[in-house]
Amino acid sequence: MIGASLGAAAYERASEISAILAVANPVGDRRLARLSSRPDVVLALSGIGISFGGVKALSDVDLEVEVGEIRAVIGPNGAGKSSLINIISGLYHADRGRIAIGGQSFSRVPASRLARLGVARTFQNLALFGGLSVRNNIACGRVHTRRASFVEHIAGLPRARSEDAGIAEKTDQIVAFLHLESVADRLVATLPYGLQKRVELARALVAEPKLLLLDEPMAGMTATEKAEMAGFVRAARDRHGVTIILIEHDIGVVMGLSDRVAVLDYGRKIADGTPAEVRADPAVIRAYIGTAEGENGEDIR
Amino acid sequence: MAVQALDAARLPVDWAKLVQKLALATALFVVAYGVVPAYASGYLVEAILLPFLALSLAAVGLNLLTGYCGQLSLGSSAFMAVGAFGAYNFNLRVEGLPLAVTMILAGISAAGFGVVFGLPSLRLRGFYLAVSTLAAQFFVQWALTKFGWFSNDNPSGVISAPHLAVAGLSLDSATGRYLLSVTTVMVLTALVWRLVNSATGRNFIAVRDNETAARVIGVPVLRTKLLAFAISSFIIGIAGVLWAFTYLRTVEPAGFNLDRSFQILFIIIIGGLASIRGAFLGAAFIVVLPLFLSRLGAFLFGGLFDSGVLDMSQRIVLGAIIIIFLIAEPSGLSALFDRLKRRIGSRSS
Ligand SMILES: Nc1ncnc2c1ncn2[C@@H]1O[C@H](COP(=O)(O)OP(=O)(O)O)[C@@H](O)[C@H]1O
Ligand SMILES: [Mg+2]
């Protein structure tokens, strides 16, 4: 744990330095300005690049996401999908390129303001609060709406109480939406893996985000669990109108679920279009589908 | 529909729990304010209850920081010292300051101090943070010894408890000091209990369990850590006041050394991290252990078991017990207690 977080901090510092060295890109900036002024574009990435040591995890990636779509990002292991999500959520800082979220443009997204920007996410490896119940984990997803201080909470003053009541109500709605009633009061760490993934989705959804980033929400699940999860993802878009970026390995799931698919390979975007277009793209067949056959049974954990 | 049925099914359980809790609280009050003052011997109060109460409160404070918020600290003893010497000076230098205000000001001093020495937590984690809190430990002891002002120019830095009184009622007797201590501990523990069950308490746990996820969903991580340091140090500071004023009565800076910090850390490890009840169980264990060992030693070895041997055997036994707990029961006495309760419950029903 300590080693991993120190490693991440070192990489953060390294990328800070290279961000300072990053060169301006007037063409990309103009493109971004045009895109981010369009009200139907929730997210626009322009010329995103990041490297770790010598490894170029992403180079010159453009991506735009329109309101209400399920936008899949696929690619073999190590293609840079998680790095992309981490850049959008401000956990990594890109060496170059800009990110526009809902009309605001950043070279580095401030992670601590992410929720207030209307972005929520899940993690490839579970990132729940093991010491809290399912309900409390989900309630934490609305922490960005809280204003009451700890004194108000201890004293049980009206503002703290009404915040608690409002959040409890939203939490109950999400618990019902994702069929988590029977486990709502259990410690989240005691749940099976598939259910924990669902709780993480719940914690992201309860924030009522405009944009939801899902990093392999179905990884390591059984076929039944996958189908169930796909249903929830679709329902989240259909019923709550949330725009979704979906990273997924299972090509079948992706093709059935998404409106548009971007394909990454070795940190470059090699294709972008509707599922049918992407499926027919020779570069994709070469780079991804060919290798995916061999990776079918893999467990990302 | 289904939700309503669930609520209806839950209701009777809640009633039973409420009645049980009410009964427990009543029993606690009767023992704390009736039985103990009336029947406890001077020895029991002075040698067991007073240190137990002060250490319990310090452990409650450290548990907030370490158990709930996940920030490892070895500075508890320094925060106790700031509380104790702070209270001594507020009392000495401000004419007619009520005791409660003195204690709160001492707590606030410790809190401010805790925030300053908590700043490294914004960068450091785990073992590295613990080492940096050692700085608090050494700095405080150095400052209190170096500047005579803190001890009103006592040549060896010793301070003595002032006359203790609330609303004109003297609390200098053993019973009086016990009542002051037990009331302080109960009030602060109740507040901490409310805190850990609030959204703020859940922020603490979120930061402890997954700092990255906490940050992304909007927990103000830096503010939460500093708040944990502040509240924790406030409580530990007041525990220091109790330690100095109600238990020891005279205390020198060296009384608040690193050993005491470790003792409080051991209390929450043995009692159970992130458990308020664990702080009390752990403190009881730590206070009673040497008494038990000395009785046992005297019984087994007679005169051979002198205070030197006692001290040594105490360290060995304590060390062994901590290792056993860390391996076999990381959730501490509190979890053992729960299991025992369940077993008794299932047998009786
Ligand atoms: N924090 C990091 N430190 C070092 N290398 C990293 C880090 N994050 C990602 N990488 C590297 O970047 C490349 C892309 O990784 P990632 O974005 O996780 O791919 P994917 O999610 O598509 O499997 C890999 O080579 C990986 O080793
Ligand atoms: Mg990944």
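Which residues does Thr200(B) touch, not counting residues up to four places away in sequence? I looked this up and found Phe150(A), His153(A), Leu195(B) and Leu227(B), where a contact means heavy atoms within 4.5 Å.

Before going on, I noted the ground rules. This is a predicted model, in which local features need pLDDT of at least 70 and side-chain atom pairs count only at pLDDT 80 or more, while totals for chains, interfaces and linings use all residues. Residues are numbered from 1 along each chain as its sequence is written, chains are lettered from A and ligands numbered from 1 in the order in which they are written, and side-chain values use heavy atoms, with hydrogens and water left out.

**Thr200(B).** I placed Thr200(B) in helix 7 of chain B. Helices here are DSSP runs of H or I with at least four residues, strands are runs of E with at least two, and both are numbered from the N terminus. With a relative accessible area of 9%, Thr200(B) is buried; buried means under 20%, exposed over 50% and partly exposed in between, using a 1.4 Å probe and protein chains only.

Lining residues have an atom within 4 Å of a point. For the largest cavity they are Ala139(A), Cys140(A), Val143(A), Arg146(A), Ala199(B), Arg202(B) and Asn203(B). Helix 4 (134-140) of chain A and helix 7 (199-209) of chain B each supply at least two of the lining residues, and helix 7 of chain B gives the most, with three. I sorted the lining into four nonpolar, one polar and two charged residues.

**Chain B.** I counted 13 helices and four strands. Of its 349 residues, 48% are buried. The C-alpha trace of chain B spans about 75 × 55 × 45 Å along its principal axes. Its accessible surface comes to about 16,900 Å², 70% of it from carbon and sulfur atoms.

**Chain A.** Here I noted eleven helices and ten strands. Of the 301 residues of chain A, 53% count as buried. Chain A exposes about 13,100 Å², with 54% supplied by carbon and sulfur atoms; these areas come from the Shrake-Rupley method with a 1.4 Å probe.

Definitions and conventions:
On a 1 Å grid over the protein atoms alone, a cavity is a set of points where a 1.4 Å probe fits but cannot get out, and a pocket is an open set with protein on both sides within 12 Å along at least five of seven lines; lining residues have an atom within 4 Å of a point. Ala, Val, Leu, Ile, Met, Phe, Trp, Tyr, Cys and Pro count as nonpolar, Asp, Glu, Lys and Arg as charged, and the others, Gly among them, as polar.
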